[in-house]
Amino acid sequence: MSVRQIDPWNSVLHTPLEQEDKEVYDIVENEKYRQWSGLELIASENFTSQATIEANGTALTNKYSEGLPGARYYGGNEHIDELENLCRKRALAAFGLNPEQWGVNVQPYSGSTANFAALTALIQPQDRLMGLDLPSGGHLTHGYQTNKKKISSSSIYFASMPYQVDQATGYIDYDRLEQNAGLFRPKLLICGGSAYPREWDYARFRKIADQHGAYVMCDMAHISGLVATGEASSPFDFCDVVTTTTHKTLRGPRAGLIFFRRDKGDDLENRVNQAVFPSCQGGPHNNTIAAIAVTLKQAASPEFKRYAQQVRANAVAMAEALKKNGYKLATDGTDNHLILWDLKPQKLTGSKVERICDMAHITINKNSIAGDKSAVTPGGVRLGSSALTSRSMKEEDFVKVAEFLHRTVQIAVAVQDKAGSKMMKDFVAALEGNEEIAQLKKEVIEFARSFPMPGFDPTKIKATVQY
Ligand SMILES: Cc1ncc(COP(=O)(O)O)c(C=O)c1O
């Protein structure tokens, strides 16, 4: 068979990225260089596997497949159907779920869209929902609003009332939640969060919800890798719907999943599937679904169980090392992959420590701590152990990471003194030419580069920047 010539105007379709678009290529290579050269402590991030990255970058991106396997709006979906069925099967298997009891929709583009679709399935516009307050560690999509503004669509289209953690202990105040639910009479209770270092009392949520005939939804985005491996207790026994992102502790591509009960008789299956498509989304991202399937196969392996155990052990080692240096942690420690570090005793804000860490190639994020006076200047930072555990770090490495963090705080205290004011702009000005940060950065980069880099080969990076 003879193959015809490529039309000249189509030659771009056959050219590798490096040749076709050097600007984008350079940005990608520079970002790989940054990831390899730094200490990644953002609790919502991870380094996904080479196989996941490969699956994510496939020609499956070309295919439209609105609908579900066996019931599509377009033809040519025989392989896509096989893929989506495989992904659904693996999702249930990874979380040990019985297909008679649970089903799953693997099409959500991300965690926020999964949550909005789940709300669309479960309740009507203006129905009442309760979720953990954002400053208490909840997520925007659990009904967040401020005095002045409804921030999330989950507060724009639904009536929301938050519950909070106890300011003294940092633990969720379940008694107050129960009392307030008695007044507010929610249709939906949401558990799960973005910055809560402890276990969730799912049975208590169920009990409170049952007092009002409400649904319970868990957004296990942060801990789904721990749930899959039994390293965190499972929400499935007590919830009607469970959502998750796939890119945090689960270590997959950026996407979302929605699990729903099939055995409750109120047709959650159709309601969730319809809410995802056509209510909230269009065609699924099939390349992403392939990458999720790869991730879920890995998540069901004994190696991933070992990884999840190490994630927790590393978080504990980092927490203990910080405490040894006299620091205060919300709830005094952690049960999972994250630590909320209260910097108010050091009279620092999270933004200042975040700034110094950034300069030293340690990536963290400022985070509010229960009892903060201002939501604009959070009093702490959030640290997570999942990404660095993917770089094969162990407890003693996290003790070293905690020492680096201790140095950033010592520098921040000294710089704040030198600045002679608490204003961020004075602080930033006083950071100029700081030798200690330059030295710390050197040590951090050397330390970071001494660990393996998942997903790609660091010796092949063609960065145009240099640290
Ligand atoms: C608990 C929780 N749910 C949902 C999300 C949103 O996920 P995405 O950024 O994929 O929309 C996040 C993101 O950080 C999260 O922490």
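**View 1. Separation of domain 1 and domain 2 in the predicted model.** The centres of domain 1 and domain 2, taken over C-alpha atoms, are separated by 30 Å. Domain 1 covers residues 59-299, and domain 2 covers residues 310-460.

**View 2. Contact between domain 1 and domain 2.** Domain 1 contributes 20 residues to the contact, and domain 2 contributes 20 residues. On the side of domain 1 that touches domain 2, 8 residues are nonpolar, 7 are polar and 5 are charged.

**View 3. Surroundings of the ligand.** The ligand is surrounded by 15 residues, of which Ser110, Gly111, Ser112, Ser194 and Ala221 are the closest. Helix 5, formed by residues 111-122, gives the most to this shell, with 3 residues. Sorted by class, the shell around the ligand consists of 12 polar, 2 charged and 1 nonpolar residues.

**View 4. Lysine 248 and its annotation.** An unreviewed UniProt entry places the feature "modified residue: N6-(pyridoxal phosphate)lysine" at Lys248. In the model, lysine 248 lies in the loop that runs between strand 9 (241-245) and strand 10 (256-261).

View 5. Lysine 248 counts as buried because 28 C-beta neighbours lie inside 10 Å, where 20 or more are required.

Technical notes:
Residues are numbered from 1 along each chain as its sequence is written. This is a predicted model: local features need pLDDT of at least 70, side-chain atom pairs count only at pLDDT 80 or more; totals for chains, interfaces and linings use all residues. Domain bounds come from an automatic or database domain assignment. Two residues are in contact if their C-beta atoms, placed from the backbone, lie within 7 Å. Ala, Val, Leu, Ile, Met, Phe, Trp, Tyr, Cys and Pro count as nonpolar, Asp, Glu, Lys and Arg as charged, and the others, Gly among them, as polar. A residue is near a molecule or strand if its C-beta atom, placed from the backbone, lies within 6 Å of it. Helices (H or I, at least four residues) and strands (E, at least two) are DSSP runs, numbered from the N terminus. UniProt positions are given in the numbering used here, feature names are shortened, and annotations may be inferred rather than shown by experiment. A residue is buried if 20 or more other C-beta atoms lie within 10 Å of its own, exposed if 12 or fewer, and partly exposed in between; C-beta atoms are placed from the backbone.
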